[in-house]
Amino acid sequence: MQRLCVFCGSTVGNRPIYADQARRLGEELGARGIDLVYGGGHIGLMGILADAVLKAGGKVIGVIPQSLKDKELAHAGLTELHAVDTMHQRKALMADLSDGFAGLPGAFGTGDELFEILTWAQLGLHAKPIGLLNVAGYFDSLVAWLERAVSDGFLRAAHRRLLLEAVDPVHLLRLLQEYRPVRGPEKWIEQEDR
């Protein structure tokens, strides 16, 4: 894996551990020579992560909508910064530039990006690893919901396994780097589901 796309908050949250773990992930990426692809902002966990990668000698590629760049939210010290017209273009370019994906604590934007990339994997549009850094149990309810979706028949177990989880950045990177694509059912909608 040469480039990891990370989805995370544009705020830092109200627990210092969120920033600490974003910083640790950034340091690990820089130390391992894995480039960061992210949303291009200088604020929140996004900025902390990007700064940590850069400080560790790594490369950071930001992708930001022009409207956010115009509001001076773009990080000025990145290796590369791509300004795009729409959020859809942002997500598509981030996906194209990346070899894997990780979600850190965040809210609507993080969830949107994470679930779109999971859906693309479920549909067979890519076979790249996707993981969550479950800092301080932040994603426990989300993981429980996915397990419930499997047990209640809304999500196949093979597709559930598309999302890897770890509580530590080092473990998350190991899972992502060791990932081998899960081959789910060829026909993901059965006749009885119609």
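Predicted model: local features only at pLDDT ≥ 70, side-chain atom pairs only at ≥ 80, totals over all residues.
Colleague: At what angle do the axes of helix α1 and helix α8 cross?

Modeller: Helix α1 spans residues 16–32 and helix α8 spans residues 169–178. Their axes come within 9 Å, and α1 passes α8 in a right-handed crossing. Angles from 65 to 115 degrees count as roughly perpendicular and those under 35 as roughly parallel; the pair is therefore oblique, with a crossing angle of roughly 50°.

Colleague: Which residues of α8 make the contact with α1?

Modeller: On the α1 side, the contact is formed by Gln21, Arg24, Leu25, Glu28, Leu29 and Arg32. Taken by class, the contact of α1 with α8 comprises five nonpolar, two polar and three charged residues. The α8 side consists of Pro169, Val170, Leu173 and Gln177.

Colleague: Are α1 and α2 roughly parallel or oblique to each other?

Modeller: The axes of α1 and α2 lie 7 Å apart, at an angle of about 30°, and the crossing is right-handed. An angle under 35 degrees counts as roughly parallel. The helices α1 and α2 are therefore roughly parallel.

Colleague: How many nonpolar residues does the contact of α1 with α2 have?

Modeller: From α1 come Tyr18, Ala19, Ala22, Arg23, Leu25, Gly26, Glu27, Leu29 and Gly30, while α2 supplies Leu45, Ile48, Leu49, Ala52 and Val53. Two residues of this contact are polar and two are charged. The nonpolar residues number 10.

Colleague: How far apart are the axes of α4 and α5?

Modeller: Helices α4 and α5 pack at an angle of about 60°, and their crossing is right-handed. The distance between their axes is 11 Å.

Colleague: How many charged residues does the contact of α4 with α5 have?

Modeller: The α4 side of the contact is made by Arg90, Lys91, Ala92, Met94 and Ala95. Facing them from α5 are Asp112, Glu113, Glu116, Ile117 and Trp120. By class there are five nonpolar residues and no polar ones, and the charged residues number five.

Colleague: Which helix gives the most to the lining of the largest cavity?

Modeller: A search of the whole structure finds one cavity of 30 Å³ or more, and the space in the largest cavity is about 60 Å³. Its lining consists of Cys5, Phe7, Lys91, Met94, Ala95, Phe101, Glu113, Glu116, Ile117 and Trp120. With four residues, the most is given by α5.

Colleague: How many charged residues are in the lining of the largest cavity?

Modeller: Lys91, Glu113 and Glu116 are among the lining residues, and Asp, Glu, Lys and Arg count as charged. The lining also has seven nonpolar residues and no polar ones. Its charged residues number three.

Colleague: Which residues lie nearest the centre of the largest pocket?

Modeller: The largest pocket holds about 430 Å³ of space and is lined by 29 residues. Two or more lining residues come from each of β1 (3–7), α2 (44–55), α4 (87–97) and α5 (108–122). Nearest the centre are Cys8, Gly9, Ser10, Thr11 and Met46.

Colleague: How many nonpolar residues does the lining of the largest pocket have?

Modeller: The largest share of this lining, four residues, comes from α5. By class, nine lining residues are polar and two are charged. The nonpolar residues number 18.

Colleague: Which residues is Leu155 in contact with, leaving aside its neighbours within four places in sequence?

Modeller: Leu155 occupies the loop between α6 (140–151) and α7 (157–160). Its C-alpha atom is separated by 33 Å from that of Val84, which is 71 residues away along the chain. Contact requires heavy atoms within 4.5 Å. Apart from those sequence neighbours, the contacts of Leu155 are Gln122, Leu146, Ala149, Val150 and Arg160.

Terms used: Residues numbered from 1 in each chain as written. Heavy atoms only, no water. Axes fitted to C-alpha atoms, helices over the stretch in contact; angles between N-to-C directions. Parallel < 35°, antiparallel > 145°, perpendicular 65-115°, else oblique. Left-handed = near helix turned anticlockwise from the far one by under 90°. 1 Å grid on protein atoms, 1.4 Å probe; cavity = no way out; pocket = protein on both sides within 12 Å on 5 of 7 lines; lining within 4 Å. Points joined across faces, edges and corners; volume = space filled by probe spheres on them.
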